[in-house]
Amino acid sequence: MTFEYAPAPESRAIVTIKPKYGHFIGGKFVAGSKHFPTINPATEEVLSQIALAGKADVDAAVKAARKAYANTWSKMSGKERGKYLYRIARIMQERAREFAVLETLDNGKPIRESRDTDIPLAAAHFFYHAGWADKLEYAGLGTSPKPLGVAGQIIPWNFPLLMLAWKVAPALAAGNTVVLKSAESTPLTALLFAEVCQQAELPAGVVNIVTGDGSTGALIVNHPGIDKIAFTGSTEVGKIIARAVAPTNKSVTLELGGKAANIVFDDAPIDETVEGIVNGIFFNQGHVCCAGSRLLLQENVAEEVLHKLKNRMEKIRVGDPMDKNTDVGAINSKEQLAKIIELAAVGDSEGAERWSPACTLPSKGFWFAPTIFTGVTQAHRIAREEIFGPVLSVLTFRTPAEAIEKANNTPFGLSAGIWSEKGSRTLWASQQLRAGVIWANTFNKFDPTSPFGGYKESGWGREGGRHGLSAYLKGVSHE
Amino acid sequence: MSNRIDVKKTYKLFINGAFPRTESGRTYEVKNAKGVFVANPCLASRKDLRDAVVAARAAHAGWNKATAYNRGQILYRIAEMLEGRRGQFVEEIVNVTGATKTKADKEVTESIDRLVWYAGWTDKIASLAGSTNPVAGPFYNFTIPESMGVVAAIAPENPSLLGLIDAVAPIITSGNTVVVLASTKAPLSAMTFAEVLATSDLPAGVINILTGKKDEIAPWMASHMDIDALDISGLSSKKHADIKVAGAENLKRIHSFKSADPGRIIAFMEAKTVWHPIGL
């Protein structure tokens, strides 16, 4: 007997989307010159026209940020700065539903995730960092750590508001001012955040938000008036940024790509593990830099895990992101969908075996069914390259040492997963894995108190916790 | 006055616990402050660097796994060995750099004391750079700093011994292994220091010392894909940009420092955060 779910759509009535937006500079919305559309990737409906920031806009934003830094924000006591951040956190909580609906419309992620993960975590990030503002001398960087100045921040489209919070909250708590560029395909929640800054009466110029594409990002990276670059995005662009800032005195943090191994030992609790595998790769359509995209199964349980995983995947609900029962929403953009399709085709041509559950995908919008590839080897491109979509590559291993060797055989080192009931084995594996975040018997958990960031080509620095805060302060001996 | 002829030392490289000559057969002349010939140390080649990186990579797993207590004792043992041979170092520094005996003596004293200082950090740095994180959920969550892997370093021209120790000691304190390029003009105390290392129970490959030209070796270090990080304190700041551009290919962590500081240890550590559910 099959139970059908009745549709449970969230209402979009709570949000008002303007037909056209400008930039948020010096506390005011200013008109842009050129515009480009932002669409709902689940329907291809044009939601609004977004300004494309050019040199003059970025200059104006940097100027406003510098002025606010010099005249207001760097002179204000930490106690007062903190109160502004608390205000922002509270207003985000008050308007959480509005943010969640807007995020889902612009990004395509299920409302369940934007409502339960993205928005609450973003507010929590501001609340956490608010408390740091008047305690910086206890952050382990000496008795008088100093802010860096103006931070240029470039965020991706996968967690638009959450990535904004990860960047803006620590920067402001440490006494910096910011110029933030939202992602090309997901600008709307950043623009709503600008309204929150106004409601919180944040001094003009402390937060400036420009919208645009990669060309706007390059203007920020190369701007001489900026002291710090914080970027989340691809490793390819991260390296371009690292080269661009090499001749300058800019500080840099980079949160880049990943190809995380999710290792299942033969003593793992299989049912919980299957949930963890699904969460690891299908959370947010797999648009997650720390996604558990390489499943490493111990050979003697591989068959059982795969059988249960396929059963579980049959029950994943793919479709309308605004439906509260939806598990997997729309792929964020046409370009990203093309990239996923291309890499999946490479998986086929290199001899891996593709499997997806039967699911009906909507006719409009950008969609990709949850997919696993079995028979994958380390040489396959789908085992090496970040797909950034709902595609899982399955490999097997015989001994724990082999699992670790395979897991670490990648230029990335952002995250990894371990599934085992044996405490000593779990801790052993967590020691051996070369990755910045290790989830043992869980996956894709985030918290403002918990540092996040990668080894090797997954980036520089951490975000979250005391470690993340230090990326916005001077006080250590090295440059 | 006896007519005995001195037995002079051949200065070679220090790679994987052994003292090989450069595979290139190249040397350069070191003269003392008065312009008198002193020695022909090796002009290390790119292949020597590669060999040193291979040794450092192979040594990393064991050194990283050694207990902090053990690493501390070995660093302390290096200080003991250096103390025992301080006269030789003073003499060498005076001879090569023309420094006064008092100044050379001070440098050696500081070098010994610096090693003792770092020896004490091995089992304390984690409590500074680590944390337990009170996440909002039923999870035990902690962050521990751990070594990065293989770090390469350019030691400053001067002070040639203290500068070298300031480069290598913080790097190995946390469990990294290192390939260091010694002072070009005054490389002799670095190579004599290798003899100290060789008798200090330091596992082979943990510290590898090259002599040669910064302009040759630094770019090779920057572009080497199996080096995780670089300390370029000994490199002219005009050269930093090019090194950083080359190092971006594998996103090396590249730093330079002005003083001895625990931040110097932490700069070459990665923070690893582990989550585990709490429940019955």
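In chain B, helix α6 (residues 160-173) packs against helix α7 (residues 188-198) at an angle of about 55°, and their axes are 8 Å apart. Because angles under 35 degrees count as roughly parallel and those of 65 to 115 as roughly perpendicular, α6(B) is oblique to α7(B). The model is predicted, with an ipTM of 0.96 and a pTM of 0.96.

**The helix pair in chain B**

- The crossing of α6(B) past α7(B) is right-handed.
- On the α6(B) side, the contact is made by B:Ser160, B:Leu161 and B:Leu164.
- On the α7(B) side, B:Ser189, B:Ala190 and B:Phe193 make the contact.
- Sorted by class, the contact of α6(B) with α7(B) has 4 nonpolar residues, 2 polar residues and no charged ones.

**Strands in chain A**

- Strand β13 (residues 353-355) of chain A pairs with strand β14 (residues 371-374) of chain A in the antiparallel sense, over 3 bridges.
- In this pairing, A:Glu353 stands opposite A:Thr374 in β14(A).
- β14(A) also pairs with strand β15 (residues 391-397) of chain A, here in the parallel sense and over 3 bridges.
- A:Phe373 stands opposite A:Ser393 in β15(A).
- In a regular strand, side chains alternate between the two faces of the sheet.

**Confidence**

- Chain B has a mean pLDDT of 97, and 100% of its residues reach 70 or more.
- Where pLDDT is low, predicted coordinates should not be read in detail.

Note on methods
Residues numbered from 1 in each chain as written. Chains lettered and ligands numbered in written order. Predicted model: local features only at pLDDT ≥ 70, side-chain atom pairs only at ≥ 80, totals over all residues. Pairing = 2+ DSSP bridges. Helix = DSSP H or I, 4+ residues; strand = E, 2+ residues; numbered from the N terminus. pLDDT = per-residue confidence, 0-100. Axes fitted to C-alpha atoms, helices over the stretch in contact; angles between N-to-C directions. Parallel < 35°, antiparallel > 145°, perpendicular 65-115°, else oblique. Left-handed = near helix turned anticlockwise from the far one by under 90°. Contact = placed C-beta atoms within 7 Å. Nonpolar A, V, L, I, M, F, W, Y, C, P; charged D, E, K, R; others polar.
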